Amino acid sequence: MPGFSGGGGGGGNPSTSASHDVSPIFSTYGVPMAATAAVLGVLTYQAYRWYHLRSQRARMLLTRAKSSPGELPLMRPIVMDAAGEEKFRNFVRASKLPRQLKSALCRDGVFIGNPSKVVALLEKMIADGSECFQVVTDFDATLTRYHREGKRCDSSYGILDSNTLLPQWYRDEADRLRKKYYPIELDPLLTIEEKTPHMKDWWLQAHEALLKTNLHRDWLGKMVQQSSVELREKTGVLFAILEHCNVPLLIFSAGIGDLIKGM
């Protein structure tokens, strides 16, 4: 993929030549709306996660996670009352954003907790131009699909945890660790400081088990092909636009870089 690196590696390099005229690309592909899609995707996903972990339904989601640790609760659209929704849309319509971007932000199911800050950031990014723009994005459940037809897609670690190229004992151990630590990760009553030691223990034990499998690098491509991991629709188009406009792309992920590169 053009300008693509995994596991926290750098993306494509910014242009060192004279200022590049991107106006034809702006008109053809809707850039910078397309270029900001990854940023908006991260903001939207994190808003959904923040809302659900602190809503009245948080306990219900935690119960579901404990009863079926292999399946994440699917996120639902955030619901605003009619007055709040209209106020938000009027604020977006009154901004200086391009018509296409306003239309995208005003779609049903879109909610931004701090619209004035987001709109100001978008207006500044457009005014500064592509030469001052860089996309920094997460990978799992951001560039990749979260679920398909109600079933969760594999994450980069999920590719390993369920693959038959690795021994059964490793898959059993990965499942045991997930059942123990995943409810802790979701628990809305615990602080980040309280969760961190448990997440560290999960990571260390999982990697210790993985080291004992004698995993070969040349297995990774086949593992990706056998998994349910899938890039979101038009992700490749976004990458191509970023490369054409010389916009750097940094994928900053806690996932496994070699598997990310294999996608």
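The model is predicted, with local features needing pLDDT of at least 70 and side-chain atom pairs counting only at pLDDT 80 or more, while totals for chains, interfaces and linings use all residues. Residues are numbered from 1 along each chain as its sequence is written, and side-chain values use heavy atoms, leaving out hydrogens and water.

**Helix 11**
- T235, L238, F239, I241 and L242 are buried in helix 11, where buried means under 20% relative accessible area, exposed over 50%, and partly exposed in between (1.4 Å probe, protein chains only).
- These residues sit on the same side of helix 11 because they cover an arc of only 160° around the axis, taken from the directions from the helix axis to the C-beta atoms.
- After helix 11 comes N246, with a positive phi near 60°.

**N163**
- N163 lies in the loop between helix 7 (156-161) and helix 8 (168-186), and counts as buried because its relative accessibility is 4%.
- Its side chain makes a polar contact of 3.1 Å with that of Q226; such a contact is a pair of N or O atoms within 3.5 Å, and within protein one must be able to donate a hydrogen and the other to accept it, with residues adjacent in sequence counting only if both atoms are side-chain atoms.
- Beyond its neighbours within four places in sequence, N163 is in contact (heavy atoms within 4.5 Å) with R171, M223 and Q226.

**Salt bridges**
- The structure has eight salt bridges, each a side-chain nitrogen of Lys or Arg within 4 Å of a carboxyl oxygen of Asp or Glu.
- R176 pairs with E173, their closest N and O atoms being 2.8 Å apart; R176 is partly exposed at 39% relative accessibility, and E173 is partly exposed at 22%.
- D175 bridges to R178 (2.9 Å, N to O) and to K179 (3.2 Å, N to O).
- Salt bridges with shared partners join D161, D175, R178 and K179 into one network.

Definitions and conventions:
Helices (H or I, at least four residues) and strands (E, at least two) are DSSP runs, numbered from the N terminus.
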